Amino acid sequence: MRQSEVITVIGAGYVGLTAAVLFASVGHKVHLIDVNESRIKHLKRGKSFFYEQGIEPLIKRSIKTNNFLPTMTYKDAISESDFVFSCVGTPDNPDGSSNLSYVFAAAEEALKYMRPGTIYIQKSTVPVGTGRHIEKLFSSSKNKIDYVSNPEFLGEGTAISDSLWPDRIVAGAANHLAAKKVVLLHKGISKTAPRIARLAGLEPKKNKTEYYITNLNSAELIKVTANAFLALKISFANSIAKLADRAGADIKEVMGGVGSDRRIGAAFLNAGRGYGGGCFPKDVSGLISSAAEHGVDLHIMTAASDVNSSMPGYIAAKAKEALGGLSNKEVAVLGLAFKAGTSDARRSPGVKLANILSREGAKVTAYDPKANSEAREDLLKRVILAESAEAAIKDKDAVFIATDWPEFKDLDLVNTKRLMTGNIIVDCMNTLDKKRVEACNLTYLGVGC
Ligand code: ADP
């Protein structure tokens, strides 16, 4: 492996942009292609079009050092690249299956310009079997192109840190050597991780990365299975939370005791308003649909998805009972991003909750420190957006904490009580300390506690 490779990344979403700036920060020459002109314009000015901790300093620096080259044209970029990463979106179709049109469009366009020996790497999340189809497409070319599945596991909000210190790197291919080269590229990021973290303004971390070279189909299935299992854990915790509510148990205590079993693990057992975002919902529905195509009924995942969809409504119903109805009640929803640390409001439970409350007749004011503008189009028009948490809370009967941003976790509860008309705090992610809330003469409602 050379010190400096020429790499093209196709697709400037969370996955593609993060990979591109990290490879550029290592010292490779990186082209980043996107068909979205506004994204490319932003990047050329050294700016990210979404909020993600640490990403902007890396973009700015790589633009300055001239080895990060955002572009809208394939030809010049692809024809000089040794590695081409596909990171385009794979949204879901109305029937829940994965829409692979961007994946195939990118592969077809790249194929026109790839030199013999280029390695084409799929980072987009695709259903098992997709790579085989792309290999077939590539086999129609006279040039030999190797295809590697190299799924991405980063989480939004921790994208840079997750990519600098990943738990594992997976590369699956028919050609073992091609997969090995992709692993080596990633090892290059790990080696320079402390320096890149400093440039990004992030705290250094210690983490041992495992490297897996697998067959093509296994690599594809690892990615969707990992996300599906995490979604399953969340929905499992939420199902037990409903039981805890009825039975007078406290889900935090229950899952504390359950998660301390090392065979189970505590992560993703927090009950609350459920998962959202651009990955889990579509990965779950994509897995169900791809299993069905293979004649396998994955009803365990259908159940997980149904439980997840029920959670915002469950929380609204719990609050409705405590408030004696929602009609004309003034409520605030704090948190519209699907999780803390990101401006991403795709399929956000906070947005869904705000809309349910509004449909039930409540007057809803919402606020998010980063996601107000992204959430706007999915919010009902009558949901008002506030410019600060204080402005949202003022004169409200109930306040819903729907995203665990630090500023909500550390909310000044004395001031909150003073600003509110009512006294109900609905902790939709079980993120507050119940005793601290009650000590301020506020009524605490959690999920399963
Ligand atoms: P994620 O955030 O999960 O990485 P997104 O869907 O936000 O995924 O981003 C994918 C990006 O890929 C978008 O910016 C989109 O414009 C871009 N894209 C989609 N198809 C193509 C294509 N054929 N060529 C280049 N870029 C593409």
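**Notebook: rings and nonpolar cores**

A charge sits over a ring if NZ of Lys or CZ of Arg is within 6 Å of the ring centre and within 35 degrees of the ring normal. I found lysine 187 placed with its charged end over the ring of tyrosine 211, 4.7 Å from the centre.

The model is predicted, so local features need pLDDT of at least 70 and side-chain atom pairs pLDDT 80 or more, while totals for chains, interfaces and linings use all residues. Residues are numbered from 1 along each chain as its sequence is written, and side-chain values use heavy atoms, without hydrogens and water.

I then looked up the aromatic pairs, of which the structure holds 9. The ring centres of phenylalanine 138 and tyrosine 147 are 6.3 Å apart and their planes stand at 65°, so this pair is edge-to-face (centres of Phe, Tyr or Trp rings, the six-membered one for Trp, within 6.5 Å; planes under 30 degrees apart are stacked, over 60 edge-to-face, the rest tilted). Phenylalanine 138 is buried at 3% relative accessible area (buried is under 20%, exposed over 50%, partly exposed in between; 1.4 Å probe, protein chains only). Ring pairs also join Tyr14, Phe49 and Phe50 into a cluster.

Last, I examined the nonpolar cores (buried Ala, Val, Leu, Ile, Met, Phe, Trp, Tyr and Cys residues joined through side-chain atoms within 4.5 Å). The largest has 62 residues, and Leu334, Leu357 and Phe400 have the most contacts inside it. Another core, of 43 residues, lies apart from it and includes Ala20 and Phe23.
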